[in-house]
Amino acid sequence: MVEINLSCGKAHNPSEEIAGAFVASKRSIDAVVYKFDDIDIYNALETAIRNGVVVRIVFDKTLVKKDEKGFIRKLAKQRKGVSVRKWPRKKMHAKFAVIDSCCVLSGSYNWSESAKKKNTELVLRFEDAESVVRFGNLFEKLWKNAEEL
């Protein structure tokens with residue numbers, strides 16, 4: 001099943017959808033993201049980590065340098081259950097998360113306050129086994145080629 005949501009004002013909030021999926025996760029979150037300063041998603045990741053969820057995230061290298069709100073540094077400092085890497089090549093503009101190896105969220109949404117407030121964004125939710133496996137394999141490939149912070 002593929003669920004497609006388009007954010008238009010208050011009708012659909014991609015930040016809430018992503019944060020809700022992270023809080024509901026039970027085992028793992030593997031994510032690739034370009035921009036990250038959305039406080040709701042950061043708090044959801046913190047909740048998931050406290051609940052024992054293993055989190056791995058690949059960030060764009062330029063974002064790691066900027067990290068205006070310090071979210072990446074805070075995640076990287078946590079030793080238990082969190083691994084953070086940076087993409088060393090061209091801009092990492094992909095955005096997706098594989099949750100518990102059973103669901104994928106992907107689309108145009110940067111995990112950012114400006115995207116939440118100013119943009120019309122697309123969020124796709126995949127729950128079919130083939131899509132989850134394909135995104136999972138892509139994440140593993142990116143993870144293997146990303147650099148430790």
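Guide: Let's start with the order of the elements, which runs β-α-β-α-β-α-α-β-β-β-α-β-α-β from the N terminus on. The chain holds six helices and eight strands. Here helices (H or I, at least four residues) and strands (E, at least two) are DSSP runs, numbered from the N terminus. The model is a predicted one, where local features need pLDDT of at least 70 and side-chain atom pairs count only at pLDDT 80 or more, while totals for chains, interfaces and linings use all residues. Residues are numbered from 1 along each chain as its sequence is written, and side-chain values use heavy atoms, with hydrogens and water left out.

Visitor: How do I read burial, and what share of the residues in the chain is buried?

Guide: Buried means under 20% relative accessible area, exposed over 50%, and partly exposed in between (1.4 Å probe, protein chains only). The areas come from the Shrake-Rupley method, and for residues only the protein chains shown count as cover. In this chain of 149 residues, 50% are buried.

Visitor: How many salt bridges does the structure hold?

Guide: Side chains of opposite charge can pair when their charged atoms come close. A salt bridge is a side-chain nitrogen of Lys or Arg within 4 Å of a carboxyl oxygen of Asp or Glu. The structure holds five of them. One of these joins the side chains of D30 and R56, at 2.9 Å from N to O. That pair links distant parts of the chain, with D30 in strand β2 (residues 28-33) and R56 in strand β3, 26 residues apart.

Visitor: Which residues are linked with R56 in a network of salt bridges?

Guide: The network links D30, R56 and E140. E140 pairs with R56, the closest N and O atoms being 2.5 Å apart. This second pair also links distant parts of the chain: E140 is in helix α6 (residues 129-145), 84 residues from R56 in strand β3. R56 counts as buried because its relative accessible area is 18%, and D30 is buried too. E140 has 37% relative accessibility, so E140 counts as partly exposed. Elsewhere, R125 and E127 meet in a salt bridge at 2.8 Å, N to O.

Visitor: What about D60: which side chain of opposite charge is nearest?

Guide: Lys and Arg count as positive and Asp and Glu as negative; His and the chain ends are not counted. D60, in strand β3 (residues 54-60), is buried and has no salt bridge, with K91 as the nearest side chain of opposite charge at 6.8 Å. The D60 side chain does make a polar contact with the side chain of T62, at 2.2 Å. A polar contact is a pair of N or O atoms within 3.5 Å; within protein, one must be able to donate a hydrogen and the other to accept it, and residues adjacent in sequence count only if both atoms are side-chain atoms.

Visitor: Where does K91 lie, and which residues gather with K91 in a patch of positive charge?

Guide: K91 lies in the loop between β4 (82-87) and β5 (96-99). Its relative accessibility is 55%, so K91 counts as exposed. Patches are made of residues with over 30% relative accessible area and no salt bridge, where like charges are joined within 9 Å and nonpolar side chains (Val, Leu, Ile, Met, Phe, Trp, Tyr) within 5 Å. The place of a charge is taken as NZ of Lys, CZ of Arg, CG of Asp or CD of Glu. On this surface, K35, K66, K91 and K118 gather in a patch of positive charge.

Visitor: Which phi does D100 have, and is D100 buried or exposed?

Guide: D100 has a positive phi of about 55° although it is not a glycine. D100 sits in the loop between β5 and β6 (103-107), and counts as buried because its relative accessibility is 7%. S101, in the loop between β5 and β6, has a positive phi near 55° as well. S101 is exposed because its relative accessible area is 56%.

Conventions: Areas by Shrake-Rupley, 256 points an atom, 1.4 Å probe, with all protein chains shown as cover.
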